[in-house]
Amino acid sequence: MLLSLAITSPKRVFQFCVSTIICIFTGFFSKVWYWTAGNFKGTRDLTCDGKLDQNNEQNATTPTSVNYHFTRQCNYKCGFCFHTAKTSFVLPLEEAKRGLRLLKEAGMEKINFSGGEPFLQDRGKFLGELVQYCKQDIQLPSVSIVSNGSMIKEKWFQKYGEYLDILAISCDSFDEETNQLIGRAQGKKSHVDNLFKIRNWCQQYKVAFKINSVINTFNIDEDMADRITELNPVRWKVFQCLLIDGENSGEDALKEAEKFVISDQQFQVFLDRHSSVSCLVPESNEKMRNSYLILDEYMRFLDCREGRKDPSNSILDVGVKQAICFSGFDEKMFRMRGGKYVWSKADMKLEW
């Protein structure tokens, strides 16, 4: 090819060589930037792939529902946690807002803020500013949070509650000793008492209340039906404990969750015991693993198809369409597990 270019046009040869050199240097300095950032090791480079990138962008998934884990820090020590405190990095607020706007422009309808514990950063102010921005400025239909609930204060609801559609509180047991064994606790504070307090605040400040539970070896035999019915959440998400290499399993993991793992059959027995609970939404390992669009603290999509979290480049650097091609997202499973539901409180017709 280069010989034919030389025969027809020396100028085109020069342009071809310059273009190649620029591409090489762009890729090199891009990688250097990620290495010096400290936590971009293993990120796949998407920037110099030409025609392949263009094809990927044309077939890119629409990020209808996105889970943004903007912090990995947490004040609880849940033994099965699959998004662990491997860094303390949090994007500057304006950069996080820029990424959220990019997602909205790419088709995002729902954002879920998670962690780590999202209320830890600046005592909830950082989270509140993002919630308000998503509802007021970019006008997302749904804004939700997943929290352990321990850091939430009533004054947060007073300032930001109107901008929040759904608040999900993680609760794996209504037995305080079990919560202590799992690590879902902070000192001797009652996680269950706090759960009821937050439920009441949600009702008072018109925020839809949701509960998330991870079913594992320590709570597999518990009957939670009466307490869940009493709390009356709009949804009770019930997850089967999941292993992720490098997070809660394997040599580089900060947690060792193997002792928490239950079989598919055990999980089904738990579901059968709670079949009378109408708000129950079950998620087995098969349903859960690839059916979430997950952004980490650098706004990189995380691909879990190989049983670990392989990051794309950040949407702040390469855009949403290019990064999402490396998310491993299973849109069919997302819809099969009921990922799209009535998620705006304005449409829920709840009795406050």
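Student: Thanks! What does the accessible surface of the protein come to, and what share of it belongs to carbon and sulfur atoms?

Tutor: The accessible surface comes to about 17200 Å², and 50% of it belongs to carbon and sulfur atoms. Accessible areas here come from the Shrake-Rupley method with a 1.4 Å probe, and for residues only the protein chains shown count as cover. Before we go on: this is a predicted model, where local features need pLDDT of at least 70 and side-chain atom pairs count only at pLDDT 80 or more, while totals for chains, interfaces and linings use all residues. Residues are numbered from 1 along each chain as its sequence is written, and side-chain values use heavy atoms, with hydrogens and water left out.

Student: Got it. How many helices and strands does the protein have?

Tutor: There are 15 helices and 10 strands. Those are DSSP runs numbered from the N terminus: helices are H or I with at least four residues, strands are E with at least two.

Student: And what percentage of the residues count as buried?

Tutor: Of the 352 residues, 53% count as buried. Buried means under 20% relative accessible area, exposed means over 50%, and partly exposed is in between (1.4 Å probe, protein chains only).

Student: Among contacts between residues at least 6 apart in sequence, how many join residues at least 24 apart?

Tutor: That share is 74%. A contact means heavy atoms within 4.5 Å.

Student: Let's switch to charges. How many salt bridges does a search of the whole structure find?

Tutor: It finds 14. A salt bridge is a side-chain nitrogen of Lys or Arg within 4 Å of a carboxyl oxygen of Asp or Glu. One of them joins Asp165 and Lys135, with the closest N and O atoms 2.7 Å apart. Asp165 is in the loop between α6 (154-160) and β4 (166-170) and Lys135 is in helix α5 (residues 125-137), so this pair ties together parts 30 residues apart in sequence.

Student: Is Asp165 buried or exposed? And what about Lys135?

Tutor: Asp165 is buried, at 1% relative accessibility. Lys135 is partly exposed, at 21%.

Student: Which residue does Lys237 meet in a salt bridge?

Tutor: Its partner is Glu283, at 3.1 Å from N to O. Lys237 sits in strand β6 (residues 235-240) and Glu283 in strand β7 (residues 280-283), so to speak distant parts of the chain, 46 residues apart. Both Lys237 and Glu283 are buried.

Student: What does Glu283 do with Arg337?

Tutor: Glu283 forms a salt bridge with Arg337 as well, the closest N and O atoms being 3.3 Å apart. Arg337 belongs to the loop between α14 (331-336) and α15 (345-348) while Glu283 is in strand β7, so the pair ties together parts 54 residues apart in sequence. Both Glu283 and Arg337 are buried.

Student: Which residues are linked in a network of salt bridges?

Tutor: Arg72, Glu247 and Glu297 are linked that way.

Student: Back to strand β6. Where is Arg235, and what does it touch?

Tutor: Arg235 is found in strand β6 and is buried, with a relative accessible area of 11%. Not counting residues up to four places away in sequence, Arg235 touches several residues, including Phe209, Ile211 and Tyr341. The C-alpha atoms of Arg235 and Ile211 are separated by 6.5 Å, and the two residues are 24 apart along the chain.

Student: How about Lys97, where does that one lie?

Tutor: Lys97 lies in helix α4 (residues 93-105) and counts as buried at 14% relative accessibility. Leaving aside residues up to four places away in sequence, Lys97 touches Glu129, Leu130 and Tyr133.

Student: New topic: the backbone. Which residues does a cis peptide bond join?

Tutor: A cis peptide bond joins Gly115 and Gly116, with omega about 10°. Gly116 is in the loop between β2 (110-114) and α5. Most peptide bonds are trans, and most residues other than glycine have a negative phi.

Student: What is phi of Lys206 near?

Tutor: Phi of Lys206 is near 60°, a positive value in a residue other than glycine. Lys206 has its place in the loop between α8 and β5 (208-215), and is partly exposed, with a relative accessible area of 45%.

Student: And phi of Lys349?

Tutor: Phi of Lys349 is also positive, near 55°. Lys349 lies in the segment after α15 and counts as exposed at 77% relative accessibility.
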